[in-house]
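I opened this chain today and kept notes on what I looked up. The entries follow in the order in which I made them.

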Amino acid sequence: MKQKLSGVGLAVVEIVVGLFLLISPDTLTRAVVIIAGIALLVMGVISLIGYFRAEPVGSVLGQGMTKGLMEIAIGLFILIKTGWVVGVFDTVIALAILLLGVSKLGMSIDLMRLKDDGWKPALLDAVVTLVCAVIIVSISASDAIWMVIGISLIVQAVLDVVTAFLSGKKNGDVVVEEHDD
């Protein structure tokens, strides 16, 4: 049940992001990129502090110095080159949606092999995600890409909720359920 609720929570986030992408894609993209840059800077500082506070052997093995400096460098790059990062962001998002579609396809096949009733909506979700990824990759106009990404996020979120509530139902001899202990 906890997994279903977190799936629904993620779906709500996808819907909100999808709506923002439809309303103001440039503002949302720039905000996400800046927040990511700031988050990486903070993570880098935390990694460096952890590196110097830990025992020397543990610090070296954990590579906290390297991680911290890399996070800071990437964070600074993102903040200094925000315009460039925003320019390639739609390509990165398209690739992420394509990989998500492949992952969902694998999950739907797993559910089908387990004779779980949720495989059909999961397969539909995977197909919609893959089609959206192909459309996004094939469109060249940035605003159109964000509109398609926004719509695809909303559609995927609805399908994710349906899949979450239909998976785990009995079909044949196999029942796939999660137990909260």
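**Confidence and numbering**

I began with the pLDDT (the predictor's confidence in each residue, from 0 to 100), which averages 81 over the chain, with 85% of the residues scoring at least 70. I noted that this is a predicted model, in which local features need pLDDT of at least 70 and side-chain atom pairs count only at pLDDT 80 or more, while totals for chains, interfaces and linings use all residues. Residues are numbered from 1 along each chain as its sequence is written, and side-chain values use heavy atoms, with hydrogens and water left out.

**Helices**

I then looked up the secondary structure, taken as DSSP runs numbered from the N terminus (helices are H or I, at least four residues; strands are E, at least two), and found 7 helices and 0 strands.

**Where α2 meets α5**

I found that helix α2 (residues 25-53) packs against helix α5 (residues 82-113) at an angle of about 115°, with the axes 10 Å apart; axes are lines fitted to C-alpha atoms over the stretch in contact, and angles run from 0 to 180 degrees between N-to-C directions. On the α2 side the contact (heavy atoms within 4.5 Å) involves T29, R30, V32, V33 and I34, and on the α5 side T82, G83, V85, V86 and F89.
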